[in-house]
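Dear colleague,

I am handing over the structure below. My notes on it follow, and please read them with the model open.

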Amino acid sequence: MRESEIDNKSCWPAIAKITFLTVIAFAVHALVLRFVYPGYYKPLWPNHDDFYMPLQLANSPGNLLAYLGYPRPVGMMFLGAIGHLGLHGSIFAFLFLIALNCAMVAEAFRRITKIRMGVPFIASFAIYLYLLFSQPYFYTFAIHDGFSQLSFCLLLLSVIPLINYYGNRSHLSLCAFFIVATLAFLTKETYGLSAIFLASIWFVAKRKEGTIQAAIPAMLTGIALVAALAINSLNKSPFTGGSKSADAPYHIVLSPSSVMGEWWRYLTDGLNPLTGAIVILGVCMSIIALRRKSPLAATMVALLPVAGVLSWLPTSLLPNHHYPGYSWNGAYIIFLPILSMNLLARKGWLLRTGIFSAMAIAAAYSPAYSAGAYKKNDWTLLQEKTEINLLKALAKLTRNMPTHKTPSHVLVSGIDFPFSPFKLPFSLRIFPNVNNVLFDVVHYGESEPTVDPRAGVTFIHANDVALSKYQAVWAFRSDGTLITSLNDASDFAELKRDDLGFGSENLLIYPKLLNVFGNSPGKGRHKPNGYDYLKCGSVLASYNDLAGAEACLGMSIKDIPSNPYPYFYLGKIQEDQGKTCLARESYGKAVELDDPKSPNPFFDGALRRLSHSGTNGATTSCGQTPSDF
């Protein structure tokens with residue numbers, strides 16, 4: 001066969017073609033992650049609490065039908081189903097959906113444009129995948145927004161019974177189309193306007209052949225979307241119901257200037273100048289190649305980017321909920337015209353090779369224009385590393401848990417990072433030997449999260465910790481790694497110290513203190529000094545224990561009274577607590593003790609800031625001393 005091309009009428013079934021394209025998608029995905037961004041291949045680890053939701057649903061009491069009353073019920077039921085695959089399995093399920101979506105939408109494009117399955121098409125498909133997977137927010141958000149991936153997959157599958165209907169006029173096929181489209185929108189509404197837009201193009205092109213028949217896709221798609229929105233409204237969905245509070249995340253703003261402003265932000269988030277130029281080139285190639293052969297196909301391909309950017313419109317109504325990651329959702333459709341490059345094959349081998357080479361070089365270089373966007377993901381990558389460390393530590397700790405019937409009571413401390421499986425506690429059931437364990441997790445925020453008490457997890461305030469009630473203590477660093485684990489009374493006894501100036505139990509409640517003071521006096525261990533207590537103040541402030549930080553800095557001042565830094569940091573802690581008078585006094589002392597030859601501008605700046613809001617900088621005595629903790 002010429003250039004190994006396989007004709008559409010060959011015996012190679014469509015399923016086999018989609019399977020082949022899915023395999024290519026996985027291969028390009030691995031290459032892009034390893035060599036472009038993020039620079040390593042670890043796609044099956046979480047970076048957010050939401051990744052634990054499938055495990056939470058799968059291991060909690062109840063059944064899948066209970067989620068019919070939830071917002072986006074089909075998506076919730078899917079999460080509950082894939083949760084039985086485990087953490088990595090559930091993440092892989094969404095990764096598989098993404099690869100399958102790429103394959104199905106490419107195969108649909110190939111059939112609409114009558115492109116032969118061969119080396120040129122596969123090469124252009126590889127470029128399409130490269131642009132998708134190197135989009136700045138793909139790695140950090142595409143799987144996180146798994147509902148959009150499932151919704152897109154269902155919409156693609158709904159096209160199959162629609163095609164059957166136009167072939168045999170079976171009303172059963174029409175019902176199947178409507179049901180699957182409704183299920184897609186009950187998963188998420190992301191692609192509703194995109195689907196209606198493409199169906200409207202079909203209507204305009206086919207209306208002369210019968211208005212009703214041409215209007216069926218657009219009408220049923222619209223009805224399915226409205227029905228899904230109505231069901232979500234009945235289920236009191238916070239995502240589609242809006243909020244009357246102007247500062248709420250899901251407050252809907254219909255102002256044209258706001259909507260267009262948000263839409264433009266997503267456009268600049270999703271495309272850089274080079275990827276935008278590549279899309280425009282793809283559109284031009286499609287128009288040139290198809291305008292005479294198939295005007296309908298030419299029109300639809302040319303308008304695909306418009307359909308893609310319409311997927312951003314729902315989130316553009318929510319300016320308080322703007323997140324650049326949503327820009328990836330449009331990429332499936334926006335980049336599709338790139339697949340048309342080998343439509344120019346009949347124009348000559350040289351032209352086709354030149355166009356392909358230019359497109360490939362431009363695509364390869366396009367990530368360089370997204371360096372700033374990649375940088376914005378640093379915090380998310382940090383959370384991913386933290387979750388990896390935490391999950392590996394928990395796996396090792398739980399393997400060593402006793403299996404007797406008496407419940408074990410474990411204190412978990414140091415979880416001062418935003419995400420962990422403890423917030424979705426049924427997800428912990430993926431670990432061995434935890435079904436008979438009660439976890440008390442020290443919470444360092446203002447108010448403790450509320451979780452289902454049947455899961456065996458309780459969040460407690462640091463002041464409520466009583467070490468005597470626990471059979472084990474697991475203390476973590478802020479990067480998710482384990483600092484120490486104590487498993488019996490003798491371990492607790494070895495920790496006890498009398499030289500700290502405060503209770504040694506605080507070393508376990510605030511485990512970063514172990515890096516300051518150590519876990520036991522030990523031979524040659526120096527008595528804590530003012531510099532240790534200065535670090536202690538910073539550590540406790542990071543745990544939001546401002547009173548304890550104030551006490552540590554007070555001990556630091558007693559030991560190194562001529563050093564200005566304890567006074568400065570004490571002033572910051574006092575200011576955060578609203579103790580303006582004391583803060584002004586501490587800042588004034590820091591300025592007084594500062595090196596006149598090389599003064600620290602932050603000292604004087606802090607004092608001046610409070611001077612403008614108080615008593616002109618007068619350091620009057622406030623009559624208070626730092627409290628103990």
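The largest cavity has a volume of about 100 Å³. A cavity here is a set of points, on a 1 Å grid over the protein atoms alone, where a 1.4 Å probe fits but cannot get out. Grid points are joined across faces, edges and corners, and the volume is the space filled by probe spheres set on the points. The count of cavities of 30 Å³ or more comes to 3.

This is a predicted model, in which local features need pLDDT of at least 70 and side-chain atom pairs count only at pLDDT 80 or more, while totals for chains, interfaces and linings use all residues. Residues are numbered from 1 along each chain as its sequence is written, and side-chain values use heavy atoms, with hydrogens and water left out.

The lining of the largest cavity consists of 13 residues, a lining residue being one with an atom within 4 Å of a point. Nearest the centre lie Pro 43, Trp 45, Phe 51, Tyr 139 and Ile 143. The largest share, 3 residues, comes from α6. By type, the lining has 8 nonpolar, 4 polar and 1 charged. Ala, Val, Leu, Ile, Met, Phe, Trp, Tyr, Cys and Pro count as nonpolar, Asp, Glu, Lys and Arg as charged, and the others, Gly among them, as polar.

Next, a pair of helices. Helix α12 (residues 273-290) and helix α13 (residues 295-302) pack at an angle of about 175 degrees, with their axes 9 Å apart. The axes are lines fitted to C-alpha atoms over the stretch in contact, and angles run from 0 to 180 degrees between N-to-C directions. α12 is therefore roughly antiparallel to α13, a term for angles over 145 degrees. Val 283, Ser 286, Ile 287 and Leu 290 in α12 meet Pro 295, Ala 297, Ala 298, Val 301 and Ala 302 in α13, where contact means heavy atoms within 4.5 Å. The residues of this contact divide into 8 nonpolar, 1 polar and no charged.

Two serines remain. Ser 370 sits in the loop between α17 (349-365) and α18 (371-376). With 7% relative accessibility, Ser 370 is buried, meaning under 20% relative accessible area (1.4 Å probe, protein chains only). Apart from neighbours within four places in sequence, Ser 370 is in contact with Pro 136 and Asn 272. Ser 611, in helix α27 (residues 601-613), is also buried, at 14%.

Regards

Key:
1 Å grid on protein atoms, 1.4 Å probe; cavity = no way out; pocket = protein on both sides within 12 Å on 5 of 7 lines; lining within 4 Å. Helix = DSSP H or I, 4+ residues; strand = E, 2+ residues; numbered from the N terminus. Buried < 20%, exposed > 50% of the residue type's maximum accessible area, 1.4 Å probe, protein only. Parallel < 35°, antiparallel > 145°, perpendicular 65-115°, else oblique.
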